[in-house]
Amino acid sequence: VRNPVRTEGEAFSWVLAAVAVFGTIVVGALLGGGDVALGMAVALVVGAAVGIYLSREPKEREPAVWERGDRASGDGS
Amino acid sequence: VSAVPADAHEHEHHGPPAANVSSRVDARLLGIYIFIGSEIMLFGSFFTALFFARVIVAGGTWPPEGFHLPVWLAFVNTCILVTSSFSMHWALTSIKRNYRAGLIAGLTLTFLLGLTFLLIQAREYTRLGFSPSENAFASTFYALTGLHGAHVFVGLSLLLMAIVRSVRGHYGPAAHDHLGVEIPGIYWHFVDVMWIVVFTVVYVL
């Protein structure tokens, strides 16, 4: 699975996603009560986790450290 | 055979040899990932305590009779913290465009919004009318919100250092020149996401 928080920009997108997901749960709680909100919370969180797992799979497998050759030269870049 | 004289490298390099790098991720970024991973587990344990107290210990009514939380005040605080994530993102976008005034303004705004959040939370504590020792509800409420407040304080400290460094001109548009903003930014967004979860679970559900 690809690291979903490689940059600050990606971390910011997590904030937006959290607002969307938990905002929906809060609206569900206000309209339908605690049980409806709990059901929505479980469904949304599980759905989001599965979606991330399926969509973020990298196209190319990252080479192992011992296969990288001169890229692991220790310059930190 | 190298054309460079054998002693040339000795004159170029001073100090100990460079550390071996076995990961494609920068060591400082890797550090914040591991730290955030441990933080998620820490918050997870506090949430577990809350759910245990709510489902197993309390059983029925939650919050217990006579206990009320200021939901709308917490909602306003949530909006403040979410807004601070936007200003944080603006700050980093600015330095990537070499717009230093935007960086300083964004970081300062983020700091002030975070400080406002913390002060409102402190004021809320003084008006709640119950203490952590009263029952399981009060204990878990203060534990979760207090733990988060401590993280906001740490984030504010990081932001303050980033503001000082940005005023001194330490950051640049290249990726390796603004890690000192990027890493506090990732941490700040984590604190923000965690509050959204805390608000939903503690105040709404």
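## How the model was read

Residues are numbered from 1 along each chain as its sequence is written, and chains are lettered from A and ligands numbered from 1 in the order in which they are written. Because the model is predicted, local features need pLDDT of at least 70 and side-chain atom pairs count only at pLDDT 80 or more, while totals for chains, interfaces and linings use all residues; side-chain values use heavy atoms, with hydrogens and water left out.

## Confidence

For the complex, it gives an ipTM of 0.79 and a pTM of 0.81. Helices here are DSSP runs of H or I with at least four residues, strands are runs of E with at least two, and both are numbered from the N terminus.

For chain A the mean pLDDT is 74, and 69% of its residues reach 70 or more. Residues 70-77 of chain A fall below 50, and this stretch has nine contacts in the model beyond near neighbours in sequence; contact means heavy atoms within 4.5 Å. Where pLDDT is low, the predicted coordinates should not be read in detail.

## Chain A

Chain A has two helices and zero strands. Of its 77 residues, 22% are buried, where buried means under 20% relative accessible area, exposed over 50%, and partly exposed in between (1.4 Å probe, protein chains only). The chain exposes about 5100 Å², and carbon and sulfur atoms supply 64% of that area. Accessible areas come from the Shrake-Rupley method with a 1.4 Å probe, and for residues only the protein chains shown count as cover.

The 25 residues of α1(A) should span 36 Å at 1.5 Å a residue, and the end C-alpha atoms are 36 Å apart, which agrees. The expected span is 1.5 Å times one less than the number of residues. Buried residues of α1(A) include A:Phe12, A:Val15, A:Phe22, A:Ile25 and A:Val26. Their cover includes α2 of chain A together with α3 and α6 of chain B. Just after α1(A), A:Gly33 takes a positive phi of about 95 degrees.

## Helix α2 of chain B

Helix α2(B) covers residues 27-58; its 32 residues should span 46 Å, and its end C-alpha atoms are 45 Å apart, which agrees. The helix bends by about 25 degrees at B:Phe52, the bend being the angle between axes fitted to the seven residues ending there and the seven starting there.

Among the buried residues of α2(B) are B:Leu29, B:Ile32, B:Ile36, B:Phe43, B:Phe47 and B:Leu50. The buried residues of this helix pack against α5 and α6 of chain B. An α-helix has 3.6 residues a turn, so residues three or four places apart point the same way.

B:Phe47 touches B:Leu144, B:Met194, B:Val197, B:Val198 and B:Val201, not counting residues up to four places away in sequence. Leaving aside such neighbours, B:Thr140 is in contact with B:Ala49, B:Leu50, B:Ala53 and B:Trp62. B:Thr140 lies in helix α5 of chain B and counts as buried, at 11% relative accessibility.

## Loops worth a look

Most residues other than glycine have a negative phi, and most peptide bonds are trans. B:Trp62 and B:Pro63 are joined by a cis peptide bond, with omega about -5 degrees, and B:Pro63 is in the loop between α2 and α3 of chain B.

B:Asn98, in the loop between α3 and α4 of chain B, has a positive phi of about 60 degrees although it is not a glycine. B:Asn98 is exposed, with a relative accessible area of 52%. B:Gly169, in the loop between α5 and α6 of chain B, counts as partly exposed at 38% relative accessibility.

Notes
pLDDT = per-residue confidence, 0-100.
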